[in-house]
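Please walk me through this structure, beginning with a pair of helices and ending with some backbone details. Plain paragraphs will do.

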Amino acid sequence: MSRALRVNPIVCDGHGLCAELIPELIKLDEWGYPIVSPAPVPRRLAKHAKRAIAACPVLALQLAPAARLSGASSPGEEGDAGQPL
Amino acid sequence: MSAVPRREPRRIVAPAGLPRLLGGVRGDGRPVDLAAHLLRYGRPPPIRGRQSGRALIGAVAAAGLRGRGGAGFPVARKLEAVAAQKGRPVVVVNGTEGEPPSTKDKALLAYVPHLVLDGAVAAAAALGADEAIVAVGRASHEVLARAIAERRHHHVDAVRLSVVVAPETFVAGEETALINFLNGGPALPTFTPPRPFERGVGGAPTLVQNVETLAHLALIARFGPAWFRTLGTAEEPGSALVTLSGAVQRPGVFEVGLGTPLRDLVAQAGGFTERVDALLVGGYFGTWLPAAAALDAALSDAGLAPLGGALGARAIVALPATSCGILETARVARYLAAESAGQCGPCVHGLAAVADDLLGIARGGGGAEARRNLERRLPQLDGRGACRHPDGAVRLIASALRVFAPEVELHVGQRRCSAVAKRPILPVPARLSEVKG
């Protein structure tokens, strides 16, 4: 199963180490928070992805099944804060 | 409290046409009591055991009922997801309705609480749950507590019902926030998974449904899916509650068949009070639509999709042509930024920044730079929170830039905006406007 990087935005404090370790998949916004590519991590970057995950001081970065990121396919993707775009 | 009939004195007839949910509403604004409710709709069919539970879920699937809280997720799929989990489930009835321009759920709870409770009990019984928790704002508490006491007194339900007052913030109704609150935490969204259907109240698989959704479910349990589908469209069946406000003669909550043209809803409200060029459709996570196109559109997700809109929270506001859509949206953007749960960096910093950008355009001065900032920032915020709060705010602001593009030009060019009215049209809760001036 292909996996993608995913950040827990509640935990993330914007330290920014991840973007330095895997700039191919993570960029920082103007406030220093990571913008993470939803694309599956290519094999050639797997090592860098693991290093970025390990380097996060607050353990906010993880690998998750790429399919899960594809939107409102799971029950409970709703509520006031949850309409699909 | 009048006596509850033991046997139905007459044949109960399924409501033909409209209204379905609001049919029994009294003229005096008081809730329909249990006796009157049962006279109108009859006793709910008993659900005992796995087989009748499965049958109800099957009926909900056949009816094509979708959630009425905002996302429109198929209700049967959510029921099945909860049913497939291990452990005894819990049902949470979401009546928080933190959306300022929406009053449909509060109206439903105030006038026909027993219809909502019937649905909660039916859903719980179908899942083998023995507890349903109704989460509401302070104003709805007394009516619900009394309705639950009435049912208990007459031994109507095999399911334990309780009512809880939830915080009245914008994000408290987001289902993970509501679960967090019911579990003794703050009413803030959590990072998912797990989703409530996997692990919710007390760690149990939890069904969270909007109050209107459950009222429809109560009627499907009684009258069946074929009856349910006699209103609405094939894709989006049934009737729906909509809150219409702004520049209309009789603002309020209306029940319409899904797919009804917006023009007909406006006509039901007595028409516009003055010229209207744009309407906000779908609440504060919704989209501004130009009136000419919107009035011809069908009130359904399929009907609004070609215009870039969706039913969302089912709140519609008609903006008078004398009001400034940019200023109105900036005010709401400020409110949404302040209502951020404050947990995720991109939401905290991003929403504050885009709200300021929009306010910069609205007030003139530095408008060109503010517009450049907005164009860069808006696409960056989408999907960056644990919940969809930033996504919704971005959608609203982006639609304002589209629909009010000529106004944006006027503001950026520091020329006079065509709006003259100063009275805000879109409501922003008082406690915030007091603080923020």
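Helix 14 (residues 367-381) and helix 16 (residues 405-412) of chain B have axes that come within 8 Å and cross at roughly 135 degrees. Axes here are lines fitted to C-alpha atoms, for helices over the stretch in contact, and angles run from 0 to 180 degrees between N-to-C directions. Helix 14 of chain B and helix 16 of chain B are therefore oblique to each other; angles under 35 degrees count as roughly parallel, over 145 as roughly antiparallel, 65 to 115 as roughly perpendicular and the rest as oblique. From helix 14 of chain B, G367(B), A368(B) and R371(B) meet V408(B), H411(B) and V412(B) of helix 16 of chain B. Two residues are in contact if their C-beta atoms, placed from the backbone, lie within 7 Å. The residues of this contact divide into three nonpolar, two polar and one charged, where Ala, Val, Leu, Ile, Met, Phe, Trp, Tyr, Cys and Pro count as nonpolar, Asp, Glu, Lys and Arg as charged, and the others, Gly among them, as polar.

The model is predicted: local features need pLDDT of at least 70, side-chain atom pairs count only at pLDDT 80 or more, and totals for chains, interfaces and linings use all residues. Residues are numbered from 1 along each chain as its sequence is written, while chains are lettered from A and ligands numbered from 1 in the order in which they are written. Helices (H or I, at least four residues) and strands (E, at least two) are DSSP runs, numbered from the N terminus.

D357(B) belongs to helix 13 (residues 345-363) of chain B. Leaving aside neighbours within four places in sequence, D357(B) is in contact with A370(B), N373(B) and L374(B). The C-alpha atoms of D357(B) and N373(B) are separated by 7.0 Å, although the two residues are 16 residues apart along the chain. Is D357(B) buried or exposed? D357(B) counts as buried because it has 25 C-beta neighbours inside 10 Å; a residue is buried if 20 or more other C-beta atoms lie within 10 Å of its own, exposed if 12 or fewer, and partly exposed in between.

Chain B as a whole is divided into domain 1 (34-228), domain 2 (239-320) and domain 3 (325-436), with bounds that come from an automatic or database domain assignment. The centres of domain 1 and domain 3 of chain B, taken over C-alpha atoms, are separated by 34 Å. Eleven residues from domain 1 of chain B and eleven residues from domain 3 of chain B take part in their contact. On the side of domain 1 of chain B, the contact has seven nonpolar, three polar and one charged residues.

Next comes a sheet. Four strands of chain B form an open sheet in the order 3-2-1-4, with parallel pairing; two strands pair if DSSP finds at least two bridges between them. Its edge strands, each pairing on one side only, are strand 3 (160-165) and strand 4 (206-210) of chain B. From one strand to the next, the twist averages 20 degrees.

Strand 1 (residues 90-95) of chain B is joined to strand 2 (residues 131-136) of chain B by five bridges. Across this pair, N94(B) has A135(B) as its bridge partner, and G95(B) stands opposite V136(B). Strand 2 of chain B is mostly covered, with five of its six residues buried.

Strand 4 of chain B is largely enclosed by the rest of the structure, because five of its five residues are buried. T206(B), V208(B) and N210(B) point one way from strand 4 of chain B, and L207(B) and Q209(B) the other way. In a regular strand the side chains alternate between the two faces of the sheet. Helix 8 (residues 211-228) of chain B lies across strand 1 and strand 4 of chain B, at about 95 degrees to strand 4.

Some backbone details remain. Most residues other than glycine have a negative phi, and most peptide bonds are trans. A cis peptide bond joins T192(B) and P193(B), with omega about -5 degrees. H155(B) has a positive phi, near 50 degrees, and is exposed, with 8 other C-beta atoms within 10 Å. R314(B) has a phi near 60 degrees, but R314(B) counts as buried, with 29 C-beta neighbours inside 10 Å.
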